[in-house]
Amino acid sequence: MSVHPTSPEFKSNAHGALHSPSLQKAMGNVEKGFIEKRRIAAEALPEFEALRDSARDIKNHTLAHLDLYLEAFEKRVLEAGGHVHWAADAAEANAIILDICQKAGARTVTKGKSMISEEIGLNAHLEANGIKPIETDLGEYIIQLRGEAPSHIIAPAIHVNKEEVEADFRRVHTHLDAKRDLTAPTSLLAEARGELRARFLAADVGITGANFLVAETGTSIIVTNEGNGDLTQILPKTHVVVASIEKITPTLNDVAQILRVLGRSATGQEMSVYTTLSTGPKRAGDLDGPENYHVVLLDNGRSAMLGTEFEDMLRCIRCGACMNHCPVYHAIGGHAYGWVYPGPMGAVLTPSLIGVDQGGHLPNASTFCGRCESVCPMRIPLPKMMRHWREREFERHLTARTTRWALRAWAFAATHPKLYGLGTRIATRALSFLGRKKGRFTSLPLAGGWTTWRDMPAPEGSTFRTEWKKRGRK
Amino acid sequence: MSSRDAILARVRRSIGSSGADLTRRATVIDRLTRRPKSVIPARGQLPPDERTALFCAKAEAVFASVKRVQSATEVPEAVVSYLRSNNLPQAVRMGADGRLSALPWNTQRQLIVAVGPSAGDDLVCVSYADAGVAETGTAILTSGPHNPTTLNFLPDHHLIVVHAGTIAGDYETVWAQLRDRFGVGVLPRTVNMITGPSRSADIEQTLLLGAHGPRSLHLIVVG
């Protein structure tokens with residue numbers, strides 16, 4: 001990958017995030033917005049749970065036949081007059097896309113929002129070769145101006161406050177009246193719309209991702225709200241789609257099943273504003289649309305996940321529900337995760353794609369509360385897979401020595417029930433005695449990581465096992 | 001080995017198949033030809049009148065405006081009245097679609113009708129939907145020589161004429177119609193599913209209308 005990961009520094013990243021007042025203010029918007037909207041949308045559709053099962057089954061079927069659906073998709077793209085390119089890794093995908101841009105004589109390219117393009121570090125590669133990439137999704141545009149990576153897979157600038165956006169616009173849009181009023185979010189949106197309109201019309205190549213690649217018709221589908229992805233794919237002479245191989249979906253009917261859970265899980269919308277099916281270049285007689293249509297199919301580690309305990313992750317449709325519901329993500333935001341994909345899905349995917357030595361900390365940052373799995377439209381067992389990563393990390397001796405000692409001590413106690421009972425009885429009584437006045441501890445030795453942020457409740461006198469026994473006798 | 005063959009070989013190795021496995025091939029061909037429908041929400045499965053009403057209600061819920069007219073001959077008047085009530089100049093752009101050009105535009109003497117794709121300087125464009133989907137208030141439009149896609153994205157105001165008779169309960173019904181019209185496995189360059197006007201919540205999760213696409217979406221439902 002071209003994006004240098006800071007995932008190995010996860011702990012210090014998280015520490016910094018917890019101490020950033022502007023980030024903490026911005027992250028408040030995640031919790032209050034997404035969760036309630038998703039709940040209302042899910043409850044308004046009686047078939048929602050059945051659709052989640054259906055969506056899961058479709059993807060499982062597709063993954064079990066992925067080679068054949070990829071071939072079927074390729075055949076249909078070629079029949080429609082498009083081109084298909086296969087890229088084993090990020091470097092190859094970047095080289096293919098650069099070559100297409102150079103052959104098109106491109107000076108500027110517009111881009112629809114694409115996580116795959118973030119994953120392969122496409123913008124840096126184009127820039128290094130003299131081609132200017134312009135992000136057109138409002139959130140992506142904001143973070144491109146700031147030189148940042150997205151901190152959320154569907155709301156890339158969720159970590160940015162409106163005052164910061166205003167400052168960035170004033171810094172970059174210097175040709176506009178310095179006295180203009182940008183206090184209202186609507187004026188910020190209008191300014192971005194005005195700035196980007198000319199860019200859309202002038203771009204030589206438009207690059208989008210894909211939410212779906214449809215084997216039945218050789219179609220790429222994008223699901224958006226702003227319309228930027230559509231302007232990106234209809235105005236320039238060349239449309240390039242970059243998507244990973246697991247985006248394949250067999251038929252349009254299968255797409256309809258997954259669409260019904262996608263918008264609801266992501267933003268609580270029953271349907272996103274623009275769901276657009278692109279098939280090949282413009283046809284004879286068409287008065288607009290691209291003359292060239294290219295699909296770049298990226299593997300970059302997916303084929304190695306198939307058939308392993310991480311295969312379920314390939315069902316992910318990138319809705320963001322897992323991070324929207326994650327208490328860890330709420331506390332530290334997306335950048336702390338240190339690479340492209342944050343939150344629970346990132347904690348599973350990052351070690352798969354960049355290695356457990358790089359991303360091994362991420363699956364440790366979970367309380368296993370299970371909210372991610374409970375809202376995942378594709379029913380991906382995220383906590384289970386994070387546990388698999390912890391096991392692999394332990395097996396490969398990547399776990400910190402103190403953690404290994406603690407685990408060893410725990411294992412010894414847990415396999416000696418009498419010793420365990422004695423130990424917990426003593427500890428419970430001691431803590432109960434010490435905490436009897438306040439009923440909680442505001443600081444504890446060796447547990448500052450906990451008590452700095454919240455109080456530790458004091459035990460009320462006896463252990464769970466003792467209480468269980470008492471009740472059993474009654 | 002090409003990257004194509006290397007990727008396919010890795011996929012087959014991980015799946016544990018040689019690729020020549022006839023059962024797997026048959027399963028794939030079966031799904032692509034049978035195209036199972038699975039779960040269809042009950043909410044759109046209604047008699048025509050109620051289906052149209054649901055379509056209108058769902059579109060309005062996502063901030064589209066809706067005007068219902070009895071017959072297609074009333075469409076030009078409805079367009080002019082929309083322009084007037086939004087203080088817009090009496091000018092629209094549309095494609096050469098026969099369903100639109102057949103309408104009595106000459107009854108609206110002040111209205112200037114331009115025909116062809118948009119270059120980005122039109123305030124108002126008019127399109128004709130191929131279908132509507134009641135379950136979410138979605139309009140379906142297909143590209144073609146007489147239906148340029150730029151009309152759907154570049155104007156500030158997008159007006160879509162939807163014939164009530166084309167409003168389906170669910171997306172699957174519309175896919176079947178597209179297969180009948182264009183052939184199995186074949187689609188025009190662009191199929192747009194449009195549900196409300198353009199919007200963004202990228203600044204502090206505040207919903208704002210009019211991001212890069214049309215700021216307003218007005219549906220004229222005929223019949």
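Biologist: How many residues of chain A are in contact with chain B, and how many of chain B?
Modeller: 106 residues of chain A are in contact with 76 residues of chain B, contact being heavy atoms within 4.5 Å. This is a predicted model, where local features need pLDDT of at least 70 and side-chain atom pairs count only at pLDDT 80 or more, while totals for chains, interfaces and linings use all residues. Residues are numbered from 1 along each chain as its sequence is written, chains are lettered from A in the order in which they are written, and side-chain values use heavy atoms, without hydrogens and water.

Biologist: What area do chain A and chain B bury between them?
Modeller: About 7500 Å², with 57% of it on carbon and sulfur atoms. Buried area is the accessible area (1.4 Å probe) that two parts lose on being put together, summed over both.

Biologist: How many salt bridges across the interface?
Modeller: The rule finds 13, taking a side-chain nitrogen of Lys or Arg within 4 Å of a carboxyl oxygen of Asp or Glu. One of them joins K58(B) and E270(A), with the closest N and O atoms 3.0 Å apart.

Biologist: Changing topic, which strand of chain B is joined to strand 9 of chain A?
Modeller: Strand 9 (residues 190-194) of chain B runs antiparallel to strand 9 (residues 274-278) of chain A, with 5 bridges between them. Strands are DSSP runs of E, at least two residues, numbered from the N terminus.

Biologist: What stands opposite T275(A)?
Modeller: M193(B), in strand 9 of chain B.

Key. Two strands pair if DSSP finds at least two bridges between them. Helices (H or I, at least four residues) and strands (E, at least two) are DSSP runs, numbered from the N terminus.
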